[in-house]
Amino acid sequence: MDIFVAELVGTALLIILGDGVVANVVLARTKGNDSGWIVIATGWGLAVALAVYSVGRISGAHINPAVSVGLAAIGELDPALLPTYIGAQLLGAFAGAVVVWLTYRPHWSATSDQSAKLGVFCTAPEIPGRRGANLVTEIVGTAVLVFGVLAIAANASELSGGEIDLSAVFATGLNPLLVGFLVWAIGLSLGGPTGYAINPARDLGPRIAHAVLPIPGKGGSDWGYAWVPVLGPLVGGVLGALAFQGLGW
């Protein structure tokens with residue numbers, strides 16, 4: 001139960017601050033309107049850092065099914081725990097999106113751009129109709145994420161003389177901030193083609209929220225694309241974990 005609640009809360013915090021910065025940038029008549037991609041990427045990086053600091057000591061702060069599945073693939077997580085982790089992450093992402101919707105309620109009707117409204121909740125490709133290329137982008141970005149998380153954890157564990165223990169590594173110190181920097185770097189460097197979901201729960205939970213919430217003039221939820229930011233990160237998470245394990249570091 002502690003793991004479930006921690007992953008739910010951590011993922012909700014991630015989405016509140018992550019989707020929140022997108023809302024501040026793309027919705028009409030906000031203080032941060034049109035402040036740009038660097039603000040969005042920075043906000044997401046800080047969102048990840050805070051979420052990891054908040055729940056790292058309890059659950060290891062996966063806050064991402066791709067991380068959980070990647071760890072299970074290399075024997076660092078009991079596969080029997082995957083439903084607990086993933087279920088909590090999806091619920092937390094949905095709840096976080098609802099909080100963002102509530103926070104920005106006057107701005108939905110003030111915004112005429114349907115794609116901007118959808119973009120608050122989930123990702124979309126900048127060049128439509130290139131599903132294969134979009135899938136590769138998400139695989140690469142998530143592989144870098146999981147590889148980097150394991151590298152940060154391994155460095156910290158090596159210095160302390162122990163085995164990799166995410167709950168210990170991401171509880172205190174600078175390690176959660178380093179994960180935030182990692183996500184910031186991915187956003188700045190690899191986020192251009194698809195908006196770097198790199199997290200199935202981050203995309204799917206809020207996309208469901210977009211579909212069910214009473215948002216004025218919201219348009220469709222682009223379900224034809226929704227499989228890309230789910231499948232791509234899951235594949236990338238496994239590949240990133242296997243690559244790190246394969247190096248024997």
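Buried means under 20% relative accessible area, exposed means over 50%, and partly exposed lies in between, as found with a 1.4 Å probe and protein chains only. This is a predicted model, in which local features need pLDDT of at least 70 and side-chain atom pairs count only at pLDDT 80 or more, while totals for chains, interfaces and linings use all residues. Residues are numbered from 1 along each chain as its sequence is written, and side-chain values use heavy atoms, with hydrogens and water left out.

View 1. Leu 178 belongs to helix H9 (helices, H or I, are DSSP runs of at least four residues, numbered from the N terminus). With a relative accessible area of 35%, Leu 178 is partly exposed. Leu 178 is one of the residues of a nonpolar surface patch, among them also Trp 37, Tyr 53 and Trp 184, with about 760 Å² of accessible area together. Such patches are made of residues with over 30% relative accessible area and no salt bridge, nonpolar side chains being joined within 5 Å. Helix H9 gives the largest share of the patch, four residues.

View 2. Arg 202 forms a salt bridge with Asp 19, their closest N and O atoms being 3.7 Å apart (a side-chain nitrogen of Lys or Arg within 4 Å of a carboxyl oxygen of Asp or Glu). Because Arg 202 lies in helix H10 and Asp 19 in helix H1, the pair ties together parts that are 183 residues apart in sequence. Both Arg 202 and Asp 19 are buried.

View 3. Asp 203 forms a salt bridge with Arg 207, with the closest N and O atoms 2.7 Å apart. Both residues lie in helix H10, four residues apart, about one turn of the helix.

Notes. Patch = residues over 30% accessible without salt bridge, like charges linked within 9 Å, V, L, I, M, F, W, Y side chains within 5 Å. Areas by Shrake-Rupley, 256 points an atom, 1.4 Å probe, with all protein chains shown as cover. Helix = DSSP H or I, 4+ residues; strand = E, 2+ residues; numbered from the N terminus.
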